[in-house]
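Here is a short report on a protein fold. Please look over the model before reading on.

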Amino acid sequence: QLDLLWTRKQNVMYNLFDWPTQKHSKLIILAIANTMDLPERIMMNRVASRLGCFCWFWSIRLLFKIWDSSNIVHSSIALLFCGQVVGVLFCLLILAKLFSQLVGNIVAALSGDARRCLDICRRATEICEFSSQKRNPEIVRMAHVTEAIDEMFSSPYINAIRNASLHEQIFLKAILAEFRRAGVEEATVQQVYHQHVVLCRIEGMQSPTISEIMAICSRLGACRLLLVESSNKYLHMRVRLNISQDDVMYALRDE
């Protein structure tokens with residue numbers, strides 16, 4: 001996860017990519033990032049040169065398609081039926097394909113992580129199994145999936161976001177916008193403030209003052225929704241989310 005190694009001086013990335021350039025080095029570095037143009041976006045020239053961005057003949061960049069939620073889930077569910085009779089297996093695989101497409105599309109709208117989809121399928125099956133002990137046996141239905149989704153995305157942090165003030169919610173949206181712009185999951189308060197002002201203009205709202213923004217950041221940090229750098233840098237303090245971006249988007253999806 002290359003973007004998580006980013007620092008202001010970028011010494012970590014420089015040293016990492018400098019190793020393969022050493023004499024008699026047999027080391028090959030494979031770096032993964034969610035942003036296609038991460039080297040051009042955030043890397044200094046001295047780091048990019050070590051990565052090979054300026055030497056096309058020895059640097060290779062591979063682009064991968066967005067994950068297909070239904071295929072991933074269907075393949076995983078199919079593994080559960082490997083020991084079944086052929087006729088039963090065929091029927092179960094058809095049901096698994098339809099179920100995984102439906103659940104995959106639902107979860108893809110809430111989260112970009114395929115593992116969440118598999119966790120929801122497992123939890124929905126557990127809920128169905130538990131309810132079947134009280135009544136006649138039944139199959140996994142969308143009611144079980146809905147209950148599993150509500151369980152997974154209902155946490156004290158999500159409830160805190162939903163109960164936050166309007167400007168606190170906008171501040172969280174501004175953080176997500178800045179993360180998408182920069183390609184890294186860390187930003188200064190000043191960078192987030194610029195995004196906050198833009199969002200306020202879009203909504204036709206009055207932008208908060210610098211002191212109000214600092215107070216908002218402090219409250220969100222006190223709730224542990226944010227990890228705020230402890231220093232006297234004020235607008236240059238760096239902030240990170242203490243929960244996943246998926247959870248923030250889920251909590252704010254109706255706002």
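The axes of helix H9 (residues 166–182) and helix H10 (residues 189–203) cross at roughly 115° and come within 8 Å. Axes here are lines fitted to C-alpha atoms, for helices over the stretch in contact, and angles run from 0 to 180 degrees between N-to-C directions. Helices (H or I, at least four residues) and strands (E, at least two) are DSSP runs, numbered from the N terminus. The crossing of H9 and H10 is right-handed. A crossing is right-handed if the near helix is turned clockwise from the far one by less than a right angle, and left-handed if anticlockwise.

On the H9 side, the contact is made by His167, Ile170, Phe171, Lys173, Ala174, Ile175, Ala177, Glu178 and Arg181. H10 brings Gln191, Val192, Gln195, His196, Leu199 and Cys200. Contact means heavy atoms within 4.5 Å. The residues of this contact divide into 8 nonpolar, 4 polar and 3 charged. In this count, Ala, Val, Leu, Ile, Met, Phe, Trp, Tyr, Cys and Pro are nonpolar, Asp, Glu, Lys and Arg are charged, and the others, Gly among them, are polar.

The model is predicted: local features need pLDDT of at least 70, side-chain atom pairs count only at pLDDT 80 or more, and totals for chains, interfaces and linings use all residues. Residues are numbered from 1 along each chain as its sequence is written, and side-chain values use heavy atoms, with hydrogens and water left out.

His196 belongs to helix H10. It is buried, with a relative accessible area of 0%. Buried means under 20% relative accessible area, exposed over 50%, and partly exposed in between (1.4 Å probe, protein chains only). Not counting residues up to four places away in sequence, His196 touches His167, Ile170, Phe171, Ala174, Pro208 and Ile213.

Ile216 lies in helix H11 (residues 210–222). Its relative accessible area is 3%, so Ile216 is buried. Beyond residues up to four places away in sequence, Ile216 touches His167, Glu168 and Phe171.

Val248 sits in helix H12 (residues 245–251). It counts as buried at 0% relative accessibility. Leaving aside neighbours within four places in sequence, Val248 is in contact with Ile161, Leu172, Leu176, Leu241 and Ile243.

Phe17 is found in helix H1. At 3% relative accessibility, Phe17 counts as buried.

| Pair | Separation in sequence | C-alpha distance |
|---|---|---|
| Ile216 and Ser165 | 51 residues | 9.2 Å |
| Val248 and Ile161 | 87 residues | 7.5 Å |
| Phe17 and Leu27 | 10 residues | 9.7 Å |

Now the whole protein. The secondary structure comes to 12 helices and 3 strands. Buried residues make up 36% of the 255 residues. Among contacts with a separation of 6 or more, residues 24 or more positions apart account for 61%.

In helix H1 (residues 11–18), the buried residues are Met13, Phe17 and Asp18. Seen down the axis of H1, they fall within an arc of 130°, so they line one face of the helix. The arc is that of the directions from the helix axis to the C-beta atoms. In helix H7 (residues 142–152), His144, Val145, Ala148 and Ile149 are buried. These fall within an arc of 135° seen down the axis of H7, so they too line one face of the helix.

How many disulfides does a search of the whole structure find? The search finds 0. A disulfide is a pair of cysteine sulfur atoms within 2.5 Å. As for individual cysteines, Cys217 counts as buried at 1% relative accessibility, whereas Cys223 counts as partly exposed at 44%.

Backbone angles come last. Most residues other than glycine have a negative phi, and most peptide bonds are trans. His24 has a positive phi, near 65°, and is not a glycine. Its place is in the loop between H1 and helix H2 (38–42). His24 is exposed, with a relative accessible area of 69%. Arg224 also has a positive phi, about 65°, although it is not a glycine. The loop between H11 and strand E2 (226–228) holds Arg224. Arg224 is partly exposed, with a relative accessible area of 44%.
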